[in-house]
Amino acid sequence: MPLFITTGCYTATSAKGMIDNPSNREEAARSIMEAAGGKLHSFYVTTGETDWMAITEFDDGADLIPALLVAGASGAVSNVKTVRAYTGAEFKAAQDKAGKIASSYNPPSNKQATG
């Protein structure tokens, strides 16, 4: 099943809430991902441009969107971004396919025969 890496930031309201009433944010992430039909593989609090990262598995990227809509609509998170992650085996299969179809592409830098 496809893997997705989602990152985001906590809002100031969330930060205040976590100080006033500490909670397990990994369990909260797991709950919403499972409710949307996915699986949370891992959850990390991060430093840098984002505050958290979740690695999830869903049948389809469209299945992840409802979970992200709910989290975003709550006002708890912002700057949410998701990318599709590919395993080494998936990328190897893409390379193999690219090798098979490469001759069907004529890049703009190649001179084309005129007829």
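**Ground rules.** I noted that the model is predicted, that local features need pLDDT of at least 70, that side-chain atom pairs count only at pLDDT 80 or more, and that totals for chains, interfaces and linings use all residues. I also noted that residues are numbered from 1 along each chain as its sequence is written, and that side-chain values use heavy atoms, with hydrogens and water left out.

**Overall layout.** I listed 4 helices and 4 strands in the protein, where helices are DSSP runs of H or I with at least four residues and strands are DSSP runs of E with at least two, numbered from the N terminus. Read from the N terminus on, the elements follow the order β-α-α-β-β-α-β-α. The protein is more spread out than a compact globule, because its radius of gyration is 20 Å, well over the 13 Å that the globule rule gives for 115 residues. That radius is taken over C-alpha atoms, and the rule is 2.2 Å times the number of residues to the power 0.38. Along the principal axes, I found that the C-alpha atoms fill a box of roughly 75 × 25 × 25 Å.

**Surface and contacts.** I read that 22% of the 115 residues count as buried, a word that means under 20% relative accessible area, while exposed means over 50% and partly exposed lies in between (1.4 Å probe, protein chains only). Of the contacts with a separation of 6 or more, 66% come from residues 24 or more positions apart, and a contact here means heavy atoms within 4.5 Å.

**Strand pairing.** I then followed the strands, two of which pair if DSSP finds at least two bridges between them. Strand β2 (residues 39-45) and strand β3 (residues 52-57) run antiparallel and are joined by 6 bridges. These two strands form a hairpin with 6 residues between them, and G48 in the turn has a positive phi of about 110°. β3 is also joined to β1 by 6 bridges, again with the strands antiparallel, and L3 stands opposite E57 in β3.

**Single residues.** Where is T11 found? I placed T11 in the loop between β1 (3-10) and α1 (12-20), and T11 counts as buried at 18% relative accessibility. Leaving aside neighbours within four places in sequence, I found T11 in contact with G75, A76, V77 and S78.

I next turned to M18, which is found in helix α1 and is partly exposed, with a relative accessible area of 25%. Not counting residues up to four places away in sequence, M18 touches Y10 and R25.

Last, I checked N79, which is found in strand β4 (residues 77-85). Its phi is near 55°, a positive value in a residue other than glycine, and N79 is partly exposed, with a relative accessible area of 40%.
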